[in-house]
Amino acid sequence: MMQTSKPLVGNSFKLGYRFQRYWDTSMAIAFFSAEVGAGLFLVSFFLDHVPGMIVGLLVAGTLKPYFHLAHMGVPQKSWRAILRPDRSWISRGALAVALMIGCGVVYLLERTYGLGSAIGLGPAVMTAVGYGAVIGALVVVFYQGLAMAHSESFTLWANPLVPLSSGCYAFTAGSLLALVIGSQSISAEQLGMLRGLSIILLLIDACVLAGIVVIARNKSPGGAFSVNLLLNGEYSSLFRYVVIFLGLLVPLVLLLVSQHFVAVSLAALLMLSGFFCYRVLLFKAAVFEPITHDLAGSIGLPRIS
Amino acid sequence: MARMGMVFDLKACIGCNACVVACKQENSVPDGVFFTRTLSYEYGEYPGVKRVYIPTICNQCEDAPCEKVCPSGATYTRADGIVMVDRDKCIGCSSCAVACPYDMRTMLDPSVLEKGLFGTGELTPFERDGYGRYTAGTAVKCDFCSQRVDAGLRPACVETCPTNARIFGDLDDANSAPSALIRKRNGRQPLPEKGTKPKVYYVD
(Lines give C-alpha, C1' and ligand atoms only; values in the text may rest on other atoms or scores of the structure.)
Protein backbone atom coordinates (compact mmCIF):
# COMPACT_ATOMS: atom_id res chain seq x y z
CA MET A 1 0.00 0.00 0.00
CA MET A 2 1.33 3.40 -0.86
CA GLN A 3 1.55 5.94 1.88
CA THR A 4 0.21 9.30 0.81
CA SER A 5 0.99 11.22 3.99
CA LYS A 6 4.45 12.79 4.13
CA PRO A 7 6.69 11.25 6.80
CA LEU A 8 7.82 14.50 8.51
CA VAL A 9 4.80 16.21 10.04
CA GLY A 10 6.07 19.01 12.26
CA ASN A 11 3.36 20.15 14.67
CA SER A 12 0.43 19.17 12.50
CA PHE A 13 -2.24 16.67 13.57
CA LYS A 14 -0.83 13.98 11.32
CA LEU A 15 0.92 10.74 12.03
CA GLY A 16 4.59 10.80 11.17
CA TYR A 17 8.03 11.78 12.36
CA ARG A 18 8.44 14.84 14.56
CA PHE A 19 11.74 16.54 15.23
CA GLN A 20 13.21 16.76 18.70
CA ARG A 21 12.83 20.45 19.55
CA TYR A 22 13.55 20.80 23.27
CA TRP A 23 17.34 20.57 23.43
CA ASP A 24 18.51 23.37 21.16
CA THR A 25 21.71 25.27 20.30
CA SER A 26 22.01 26.59 23.85
CA MET A 27 22.16 23.04 25.19
CA ALA A 28 24.54 22.05 22.40
CA ILE A 29 26.94 24.81 23.49
CA ALA A 30 26.59 23.74 27.13
CA PHE A 31 27.33 20.10 26.26
CA PHE A 32 30.21 21.04 23.96
CA SER A 33 31.91 23.40 26.42
CA ALA A 34 31.57 20.94 29.32
CA GLU A 35 33.19 18.13 27.35
CA VAL A 36 35.93 20.29 25.84
CA GLY A 37 36.75 21.91 29.18
CA ALA A 38 36.73 18.64 31.11
CA GLY A 39 38.76 16.89 28.40
CA LEU A 40 41.39 19.62 28.44
CA PHE A 41 41.51 19.62 32.24
CA LEU A 42 42.04 15.84 32.34
CA VAL A 43 44.77 15.80 29.71
CA SER A 44 46.53 18.77 31.34
CA PHE A 45 46.24 17.19 34.80
CA PHE A 46 48.06 14.08 33.70
CA LEU A 47 50.69 16.20 31.99
CA ASP A 48 50.91 18.34 35.11
CA HIS A 49 50.36 21.40 32.91
CA VAL A 50 48.80 24.19 34.97
CA PRO A 51 47.81 26.62 32.14
CA GLY A 52 45.87 23.84 30.40
CA MET A 53 44.05 22.97 33.63
CA ILE A 54 43.15 26.64 34.13
CA VAL A 55 41.76 27.02 30.61
CA GLY A 56 39.84 23.75 30.93
CA LEU A 57 38.21 24.81 34.18
CA LEU A 58 37.43 28.25 32.78
CA VAL A 59 35.71 26.81 29.70
CA ALA A 60 33.72 24.22 31.64
CA GLY A 61 33.07 26.48 34.61
CA THR A 62 31.73 29.49 32.72
CA LEU A 63 30.24 28.47 29.38
CA LYS A 64 28.60 25.26 30.58
CA PRO A 65 26.64 26.79 33.50
CA TYR A 66 25.78 29.94 31.54
CA PHE A 67 24.31 28.16 28.53
CA HIS A 68 22.69 25.44 30.59
CA LEU A 69 20.97 28.03 32.77
CA ALA A 70 19.97 29.95 29.65
CA HIS A 71 18.15 26.83 28.51
CA MET A 72 16.31 26.26 31.81
CA GLY A 73 12.67 27.23 31.94
CA VAL A 74 12.93 28.24 35.60
CA PRO A 75 16.63 29.04 36.17
CA GLN A 76 16.04 30.47 39.64
CA LYS A 77 15.11 26.96 40.79
CA SER A 78 18.00 25.24 39.04
CA TRP A 79 19.56 24.27 42.38
CA ARG A 80 16.91 21.53 42.46
CA ALA A 81 18.79 19.80 39.64
CA ILE A 82 21.02 18.01 42.16
CA LEU A 83 18.21 16.34 44.10
CA ARG A 84 17.94 12.99 42.29
CA PRO A 85 21.44 11.56 41.73
CA ASP A 86 19.98 8.11 42.42
CA ARG A 87 18.03 8.19 39.13
CA SER A 88 18.88 11.19 37.01
CA TRP A 89 22.03 11.71 34.94
CA ILE A 90 21.28 15.43 35.06
CA SER A 91 21.62 15.39 38.86
CA ARG A 92 24.78 13.31 38.72
CA GLY A 93 26.28 15.61 36.10
CA ALA A 94 25.46 18.76 38.05
CA LEU A 95 27.21 17.33 41.12
CA ALA A 96 30.16 16.21 38.99
CA VAL A 97 30.55 19.70 37.50
CA ALA A 98 30.55 21.17 41.00
CA LEU A 99 33.12 18.59 42.15
CA MET A 100 35.36 19.23 39.15
CA ILE A 101 35.25 23.02 39.46
CA GLY A 102 35.43 23.14 43.27
CA CYS A 103 38.25 20.66 43.70
CA GLY A 104 39.96 21.90 40.55
CA VAL A 105 40.12 25.50 41.75
CA VAL A 106 41.45 24.48 45.17
CA TYR A 107 44.03 22.19 43.53
CA LEU A 108 45.18 24.92 41.16
CA LEU A 109 45.43 27.46 43.99
CA GLU A 110 47.67 24.99 45.78
CA ARG A 111 49.79 24.41 42.67
CA THR A 112 50.09 28.11 41.88
CA TYR A 113 50.21 29.80 45.28
CA GLY A 114 50.78 26.99 47.76
CA LEU A 115 47.34 27.47 49.31
CA GLY A 116 47.25 24.06 50.98
CA SER A 117 50.50 24.59 52.78
CA ALA A 118 49.42 28.08 53.84
CA ILE A 119 46.29 26.78 55.58
CA GLY A 120 47.94 23.67 57.01
CA LEU A 121 46.65 21.04 54.59
CA GLY A 122 49.16 18.33 53.87
CA PRO A 123 50.26 17.14 50.42
CA ALA A 124 48.14 13.99 50.72
CA VAL A 125 45.00 16.06 51.20
CA MET A 126 45.81 18.26 48.20
CA THR A 127 46.53 15.20 46.09
CA ALA A 128 43.13 13.82 47.08
CA VAL A 129 41.56 17.15 46.13
CA GLY A 130 43.24 16.92 42.75
CA TYR A 131 41.91 13.42 42.15
CA GLY A 132 38.48 14.62 43.27
CA ALA A 133 38.61 17.08 40.40
CA VAL A 134 39.69 14.25 38.07
CA ILE A 135 36.75 12.08 39.13
CA GLY A 136 34.38 14.99 38.58
CA ALA A 137 35.89 15.67 35.16
CA LEU A 138 35.64 12.01 34.13
CA VAL A 139 31.93 12.02 34.94
CA VAL A 140 31.44 15.33 33.10
CA VAL A 141 33.15 13.91 30.00
CA PHE A 142 30.70 10.98 29.75
CA TYR A 143 27.48 11.95 31.59
CA GLN A 144 25.89 14.04 28.86
CA GLY A 145 26.26 11.20 26.39
CA LEU A 146 24.84 8.83 29.00
CA ALA A 147 21.86 11.15 29.56
CA MET A 148 21.20 11.08 25.81
CA ALA A 149 21.72 7.32 25.47
CA HIS A 150 19.30 6.78 28.35
CA SER A 151 16.50 8.38 26.32
CA GLU A 152 14.65 5.71 24.36
CA SER A 153 12.70 8.40 22.53
CA PHE A 154 15.30 8.83 19.81
CA THR A 155 16.99 5.87 18.20
CA LEU A 156 19.85 8.13 17.12
CA TRP A 157 20.62 8.82 20.79
CA ALA A 158 19.69 5.47 22.37
CA ASN A 159 23.02 3.96 21.46
CA PRO A 160 25.85 2.79 23.75
CA LEU A 161 28.32 4.49 21.40
CA VAL A 162 26.89 7.96 22.09
CA PRO A 163 28.49 8.30 25.56
CA LEU A 164 31.66 6.80 24.10
CA SER A 165 31.63 9.48 21.39
CA SER A 166 31.27 12.15 24.10
CA GLY A 167 34.34 10.81 25.88
CA CYS A 168 36.43 10.28 22.76
CA TYR A 169 35.64 13.71 21.36
CA ALA A 170 36.34 15.29 24.76
CA PHE A 171 39.77 13.67 25.00
CA THR A 172 40.53 14.51 21.37
CA ALA A 173 39.67 18.15 22.02
CA GLY A 174 41.70 18.06 25.23
CA SER A 175 44.82 16.63 23.64
CA LEU A 176 44.70 18.99 20.63
CA LEU A 177 44.13 22.05 22.82
CA ALA A 178 46.92 20.92 25.17
CA LEU A 179 49.19 20.73 22.11
CA VAL A 180 48.33 24.32 21.25
CA ILE A 181 48.35 25.82 24.75
CA GLY A 182 51.45 23.91 25.83
CA SER A 183 53.46 24.28 22.63
CA GLN A 184 56.08 26.36 24.45
CA SER A 185 55.77 24.96 27.97
CA ILE A 186 55.34 21.20 27.55
CA SER A 187 58.39 19.04 26.89
CA ALA A 188 59.09 17.83 23.36
CA GLU A 189 58.59 14.25 24.47
CA GLN A 190 55.15 15.01 25.89
CA LEU A 191 54.23 17.02 22.79
CA GLY A 192 55.11 14.02 20.64
CA MET A 193 53.00 11.77 22.86
CA LEU A 194 50.09 14.21 22.64
CA ARG A 195 50.37 14.31 18.86
CA GLY A 196 50.28 10.52 18.65
CA LEU A 197 47.34 10.40 21.07
CA SER A 198 45.43 12.96 19.01
CA ILE A 199 45.95 10.94 15.83
CA ILE A 200 44.72 7.75 17.48
CA LEU A 201 41.72 9.53 19.02
CA LEU A 202 40.73 11.07 15.69
CA LEU A 203 40.68 7.58 14.17
CA ILE A 204 38.63 6.28 17.10
CA ASP A 205 36.23 9.21 16.74
CA ALA A 206 35.66 8.30 13.11
CA CYS A 207 35.02 4.64 13.97
CA VAL A 208 32.62 5.53 16.78
CA LEU A 209 30.75 7.95 14.51
CA ALA A 210 30.41 5.24 11.88
CA GLY A 211 29.16 2.84 14.53
CA ILE A 212 26.52 5.30 15.71
CA VAL A 213 25.25 5.75 12.17
CA VAL A 214 25.17 2.01 11.39
CA ILE A 215 23.44 1.05 14.65
CA ALA A 216 20.82 3.81 14.34
CA ARG A 217 20.05 2.93 10.72
CA ASN A 218 19.41 -0.71 11.54
CA LYS A 219 17.65 -0.32 14.87
CA SER A 220 14.34 1.29 13.90
CA PRO A 221 12.60 3.22 11.08
CA GLY A 222 13.06 6.40 13.12
CA GLY A 223 16.76 5.72 13.40
CA ALA A 224 16.97 5.11 9.66
CA PHE A 225 15.09 8.37 9.09
CA SER A 226 17.55 10.31 11.26
CA VAL A 227 20.55 8.72 9.52
CA ASN A 228 19.06 9.59 6.15
CA LEU A 229 18.78 13.22 7.26
CA LEU A 230 22.47 13.17 8.14
CA LEU A 231 23.81 11.32 5.12
CA ASN A 232 21.46 12.32 2.29
CA GLY A 233 18.97 14.85 3.61
CA GLU A 234 18.98 18.45 4.76
CA TYR A 235 21.90 17.98 7.17
CA SER A 236 24.10 15.97 4.82
CA SER A 237 26.32 18.88 3.78
CA LEU A 238 27.11 19.81 7.37
CA PHE A 239 27.60 16.20 8.41
CA ARG A 240 29.80 15.18 5.52
CA TYR A 241 31.87 18.31 5.05
CA VAL A 242 32.07 19.80 8.54
CA VAL A 243 31.77 16.85 10.94
CA ILE A 244 33.63 14.23 8.92
CA PHE A 245 35.86 16.02 6.38
CA LEU A 246 36.88 19.20 8.22
CA GLY A 247 36.34 17.85 11.72
CA LEU A 248 38.14 14.52 11.46
CA LEU A 249 39.88 13.91 8.15
CA VAL A 250 41.68 17.24 7.65
CA PRO A 251 42.98 17.43 11.27
CA LEU A 252 44.22 13.85 10.92
CA VAL A 253 46.13 14.68 7.74
CA LEU A 254 47.53 17.90 9.23
CA LEU A 255 48.86 16.08 12.28
CA LEU A 256 50.36 13.31 10.17
CA VAL A 257 52.23 15.63 7.80
CA SER A 258 53.28 18.49 10.06
CA GLN A 259 54.24 19.31 13.63
CA HIS A 260 54.31 23.05 13.00
CA PHE A 261 52.36 25.17 15.49
CA VAL A 262 50.15 26.65 12.74
CA ALA A 263 49.20 23.23 11.41
CA VAL A 264 48.45 21.92 14.91
CA SER A 265 46.40 25.02 15.76
CA LEU A 266 44.43 24.68 12.54
CA ALA A 267 43.85 20.99 13.26
CA ALA A 268 42.52 21.88 16.73
CA LEU A 269 40.24 24.61 15.38
CA LEU A 270 38.80 22.37 12.67
CA MET A 271 38.33 19.46 15.05
CA LEU A 272 36.47 21.69 17.50
CA SER A 273 34.27 23.02 14.69
CA GLY A 274 33.45 19.48 13.61
CA PHE A 275 32.76 18.43 17.22
CA PHE A 276 30.39 21.35 17.78
CA CYS A 277 28.62 20.65 14.52
CA TYR A 278 28.26 16.99 15.56
CA ARG A 279 26.69 18.08 18.84
CA VAL A 280 24.18 20.34 17.09
CA LEU A 281 23.31 17.76 14.42
CA LEU A 282 22.71 15.01 17.00
CA PHE A 283 20.01 17.25 18.48
CA LYS A 284 18.58 18.39 15.15
CA ALA A 285 18.38 15.01 13.41
CA ALA A 286 16.69 13.17 16.29
CA VAL A 287 13.05 12.32 15.57
CA PHE A 288 10.17 10.88 17.61
CA GLU A 289 8.89 7.59 16.19
CA PRO A 290 5.25 7.49 15.04
CA ILE A 291 3.25 5.43 17.52
CA THR A 292 1.87 3.05 14.93
CA HIS A 293 5.00 1.06 14.29
CA ASP A 294 3.65 -1.75 16.34
CA LEU A 295 0.00 -1.01 15.76
CA ALA A 296 0.54 -1.06 12.00
CA GLY A 297 0.56 -4.84 11.82
CA SER A 298 -2.58 -5.20 13.87
CA ILE A 299 -4.72 -2.60 12.16
CA GLY A 300 -3.46 -3.00 8.63
CA LEU A 301 -1.62 0.28 8.32
CA PRO A 302 1.49 0.46 6.15
CA ARG A 303 4.61 1.50 8.03
CA ILE A 304 5.68 5.09 7.68
CA SER A 305 8.91 5.11 5.67
CA MET B 1 -5.49 1.07 44.79
CA ALA B 2 -6.81 1.71 41.28
CA ARG B 3 -4.63 1.78 38.17
CA MET B 4 -6.29 4.30 35.89
CA GLY B 5 -5.94 3.75 32.16
CA MET B 6 -7.63 4.39 28.86
CA VAL B 7 -8.50 2.50 25.69
CA PHE B 8 -8.87 4.10 22.25
CA ASP B 9 -11.24 2.41 19.85
CA LEU B 10 -9.79 3.15 16.41
CA LYS B 11 -12.91 1.88 14.66
CA ALA B 12 -15.05 4.41 16.54
CA CYS B 13 -12.84 7.49 16.26
CA ILE B 14 -14.06 9.84 13.52
CA GLY B 15 -11.38 12.51 13.98
CA CYS B 16 -13.77 15.24 15.07
CA ASN B 17 -11.23 16.51 17.65
CA ALA B 18 -14.01 17.33 20.13
CA CYS B 19 -11.72 15.71 22.71
CA VAL B 20 -9.00 18.24 21.94
CA VAL B 21 -11.39 21.15 22.39
CA ALA B 22 -12.88 19.69 25.58
CA CYS B 23 -9.39 19.29 27.02
CA LYS B 24 -8.52 22.86 26.12
CA GLN B 25 -11.65 24.11 27.82
CA GLU B 26 -11.41 21.97 30.94
CA ASN B 27 -7.74 22.65 31.56
CA SER B 28 -7.37 26.16 30.07
CA VAL B 29 -4.65 24.81 27.85
CA PRO B 30 -2.75 27.74 26.29
CA ASP B 31 -2.54 28.46 22.59
CA GLY B 32 -0.34 26.08 20.63
CA VAL B 33 -0.20 23.55 23.46
CA PHE B 34 -2.09 20.26 23.22
CA PHE B 35 -2.48 17.64 25.92
CA THR B 36 -4.24 15.34 23.46
CA ARG B 37 -4.26 15.14 19.69
CA THR B 38 -6.11 13.09 17.12
CA LEU B 39 -3.66 12.30 14.38
CA SER B 40 -4.74 11.43 10.87
CA TYR B 41 -2.96 9.09 8.52
CA GLU B 42 -3.71 8.68 4.82
CA TYR B 43 -2.66 5.67 2.81
CA GLY B 44 -3.54 3.78 -0.31
CA GLU B 45 -3.68 4.51 -4.02
CA TYR B 46 -6.47 6.22 -5.90
CA PRO B 47 -9.34 5.29 -5.93
CA GLY B 48 -8.73 3.29 -2.76
CA VAL B 49 -7.25 6.04 -0.56
CA LYS B 50 -8.12 5.66 3.13
CA ARG B 51 -7.71 7.82 6.20
CA VAL B 52 -7.56 6.59 9.78
CA TYR B 53 -7.69 8.68 12.97
CA ILE B 54 -5.47 7.87 15.92
CA PRO B 55 -6.01 9.67 19.24
CA THR B 56 -2.93 10.26 21.33
CA ILE B 57 -2.53 11.25 24.95
CA CYS B 58 -0.01 10.95 27.76
CA ASN B 59 0.20 7.22 28.27
CA GLN B 60 0.64 7.50 32.06
CA CYS B 61 3.35 4.87 31.81
CA GLU B 62 3.95 2.47 34.67
CA ASP B 63 7.67 2.65 34.00
CA ALA B 64 7.60 6.33 33.13
CA PRO B 65 10.91 7.50 31.64
CA CYS B 66 9.94 11.12 32.37
CA GLU B 67 9.82 10.33 36.08
CA LYS B 68 13.15 8.51 36.02
CA VAL B 69 15.08 11.33 34.37
CA CYS B 70 13.55 14.21 36.32
CA PRO B 71 16.40 15.68 38.38
CA SER B 72 14.21 17.67 40.76
CA GLY B 73 11.52 15.12 41.55
CA ALA B 74 8.83 17.28 39.93
CA THR B 75 7.41 14.36 37.94
CA TYR B 76 5.82 11.72 40.13
CA THR B 77 3.18 9.00 39.95
CA ARG B 78 0.09 9.12 42.14
CA ALA B 79 -1.19 6.06 43.96
CA ASP B 80 -3.83 5.60 41.24
CA GLY B 81 -1.16 5.54 38.54
CA ILE B 82 -1.66 9.02 37.10
CA VAL B 83 1.67 10.69 36.31
CA MET B 84 1.74 14.29 37.52
CA VAL B 85 4.06 17.29 37.31
CA ASP B 86 4.56 19.47 40.39
CA ARG B 87 5.02 22.90 38.85
CA ASP B 88 6.62 24.24 42.04
CA LYS B 89 9.46 21.73 41.73
CA CYS B 90 9.92 21.78 37.96
CA ILE B 91 13.07 23.59 36.81
CA GLY B 92 12.27 23.43 33.09
CA CYS B 93 15.29 21.41 32.04
CA SER B 94 13.17 19.53 29.44
CA SER B 95 14.82 16.21 30.26
CA CYS B 96 11.33 14.73 30.59
CA ALA B 97 10.29 16.09 27.21
CA VAL B 98 13.19 14.37 25.45
CA ALA B 99 12.72 11.22 27.52
CA CYS B 100 9.06 10.72 26.54
CA PRO B 101 9.01 8.43 23.47
CA TYR B 102 5.47 9.59 22.62
CA ASP B 103 6.21 13.35 22.48
CA MET B 104 3.33 14.07 24.85
CA ARG B 105 5.02 16.71 26.99
CA THR B 106 5.32 20.41 26.29
CA MET B 107 7.62 23.01 27.79
CA LEU B 108 5.49 26.07 28.47
CA ASP B 109 7.02 29.10 26.81
CA PRO B 110 6.47 32.29 28.88
CA SER B 111 5.27 34.20 25.81
CA VAL B 112 2.33 31.82 25.42
CA LEU B 113 0.94 32.79 28.82
CA GLU B 114 1.59 36.46 28.22
CA LYS B 115 0.24 37.09 24.74
CA GLY B 116 -2.97 35.11 25.10
CA LEU B 117 -5.07 33.39 22.48
CA PHE B 118 -5.65 36.48 20.37
CA GLY B 119 -1.99 37.57 20.45
CA THR B 120 -2.83 41.03 21.75
CA GLY B 121 -1.07 40.70 25.08
CA GLU B 122 -4.44 41.04 26.80
CA LEU B 123 -5.83 37.87 28.34
CA THR B 124 -9.52 37.04 28.17
CA PRO B 125 -11.33 36.48 31.50
CA PHE B 126 -11.30 32.74 30.73
CA GLU B 127 -7.53 32.80 30.24
CA ARG B 128 -6.96 34.96 33.31
CA ASP B 129 -8.92 32.50 35.37
CA GLY B 130 -7.29 29.39 33.91
CA TYR B 131 -3.64 30.32 33.40
CA GLY B 132 -3.05 30.61 37.13
CA ARG B 133 -2.54 26.86 37.28
CA TYR B 134 0.52 27.10 35.03
CA THR B 135 4.07 28.32 35.64
CA ALA B 136 6.00 29.61 32.64
CA GLY B 137 8.98 27.50 31.66
CA THR B 138 7.75 24.28 33.24
CA ALA B 139 6.69 20.98 31.71
CA VAL B 140 2.96 20.42 31.18
CA LYS B 141 0.99 17.40 30.06
CA CYS B 142 -2.24 15.49 30.34
CA ASP B 143 -3.01 14.20 33.83
CA PHE B 144 -6.31 12.46 32.95
CA CYS B 145 -8.09 15.57 34.33
CA SER B 146 -7.00 14.51 37.82
CA GLN B 147 -9.25 17.12 39.39
CA ARG B 148 -12.26 15.47 37.71
CA VAL B 149 -11.08 11.94 38.56
CA ASP B 150 -10.76 12.98 42.22
CA ALA B 151 -14.40 14.15 42.05
CA GLY B 152 -15.50 10.80 40.66
CA LEU B 153 -15.90 12.10 37.11
CA ARG B 154 -14.37 10.97 33.83
CA PRO B 155 -11.75 13.04 31.99
CA ALA B 156 -13.24 15.77 29.82
CA CYS B 157 -12.12 14.13 26.58
CA VAL B 158 -13.81 10.86 27.52
CA GLU B 159 -16.99 12.62 28.58
CA THR B 160 -17.17 14.61 25.33
CA CYS B 161 -16.37 11.92 22.76
CA PRO B 162 -19.54 11.47 20.65
CA THR B 163 -18.67 7.94 19.49
CA ASN B 164 -17.35 6.48 22.76
CA ALA B 165 -13.94 6.05 21.16
CA ARG B 166 -12.28 6.80 24.52
CA ILE B 167 -12.91 4.38 27.35
CA PHE B 168 -11.55 5.23 30.78
CA GLY B 169 -11.36 3.18 33.92
CA ASP B 170 -9.42 1.05 36.36
CA LEU B 171 -7.18 -1.45 34.58
CA ASP B 172 -6.83 -3.43 37.81
CA ASP B 173 -10.56 -4.06 37.80
CA ALA B 174 -11.09 -7.03 35.50
CA ASN B 175 -14.72 -6.03 35.03
CA SER B 176 -14.08 -2.42 34.08
CA ALA B 177 -14.92 -1.27 30.55
CA PRO B 178 -11.30 -0.74 29.44
CA SER B 179 -10.16 -4.09 30.89
CA ALA B 180 -12.96 -5.94 29.13
CA LEU B 181 -12.25 -4.18 25.86
CA ILE B 182 -8.56 -4.96 26.01
CA ARG B 183 -9.33 -8.65 26.55
CA LYS B 184 -12.08 -8.88 23.98
CA ARG B 185 -10.42 -7.00 21.13
CA ASN B 186 -6.74 -7.62 21.79
CA GLY B 187 -5.72 -4.19 23.06
CA ARG B 188 -2.25 -3.09 21.95
CA GLN B 189 0.06 -0.61 23.58
CA PRO B 190 1.87 2.07 21.56
CA LEU B 191 5.59 1.45 20.99
CA PRO B 192 5.87 -1.41 23.53
CA GLU B 193 9.50 -1.96 22.53
CA LYS B 194 10.37 1.25 24.40
CA GLY B 195 9.65 -0.59 27.67
CA THR B 196 7.56 2.18 29.26
CA LYS B 197 4.48 -0.03 30.00
CA PRO B 198 1.90 2.54 28.91
CA LYS B 199 -1.56 2.41 30.49
CA VAL B 200 -3.20 3.54 27.24
CA TYR B 201 -4.25 0.84 24.79
CA TYR B 202 -5.55 0.78 21.22
CA VAL B 203 -8.15 -1.58 19.77
CA ASP B 204 -9.27 -1.84 16.18
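Which residue of E9(B) does B:Phe8 stand opposite? In this predicted model, the residue facing B:Phe8 is B:Tyr202. The pairing belongs to a parallel arrangement in which strand E1 of chain B, residues 4-9, is joined to E9(B) by 4 bridges.

Attention may now pass to the contact between the chains. Chain A contributes 40 residues to it and chain B contributes 48 residues. On the side of chain A that touches chain B, the elements giving two or more residues are helix H3 (89-113) and helix H11 (292-299). Of these, H11(A) supplies the largest share, with 6 residues. Sorted by class, this side of chain A holds 17 nonpolar, 14 polar and 9 charged residues.

Within chain A, the domain assignment gives domain 1, spanning 21-150, and domain 2, spanning 188-290. Their centres, taken over C-alpha atoms, are separated by 24 Å. Where the two domains of chain A meet, 9 residues of domain 1 are in contact with 7 residues of domain 2. The side belonging to domain 1 comprises 7 nonpolar, 1 polar and 1 charged residues.

The nonpolar interior can be followed next. In soluble globular proteins, nonpolar side chains tend to be buried together. Here the largest nonpolar core has 157 residues, and those with the most contacts inside it are A:Ala38, A:Met100, A:Val140 and A:Leu281. Helix H1 of chain A, residues 25-47, gives the most to this core, namely 15 residues. Both domain 1 and domain 2 of chain A are represented in the core, each by at least three residues.

Leaving aside residues up to four places away in sequence, A:Ala38 touches A:Gly56, A:Ala60, A:Met100, A:Ala137, A:Val140, A:Val141 and A:Ala170. Two of these partners, A:Met100 and A:Val140, are themselves listed with A:Ala38 as having the most contacts inside the core.

Helix H8 of chain A, residues 221-231, provides a further example of burial. Its buried residues are A:Gly222, A:Gly223, A:Phe225, A:Ser226, A:Val227, A:Leu229 and A:Leu230. The cover over these buried positions of H8(A) includes helix H7 (188-219), helix H9 (236-257), helix H10 (261-284) and strand E2 (287-288) of chain A.

Note on methods:
Residues numbered from 1 in each chain as written. Chains lettered and ligands numbered in written order. Predicted model: local features only at pLDDT ≥ 70, side-chain atom pairs only at ≥ 80, totals over all residues. Pairing = 2+ DSSP bridges. Nonpolar A, V, L, I, M, F, W, Y, C, P; charged D, E, K, R; others polar. Buried ≥ 20, exposed ≤ 12 C-beta atoms within 10 Å, placed from the backbone. Domains from an automatic or database assignment. Core = buried A, V, L, I, M, F, W, Y, C linked by C-beta atoms within 7 Å.
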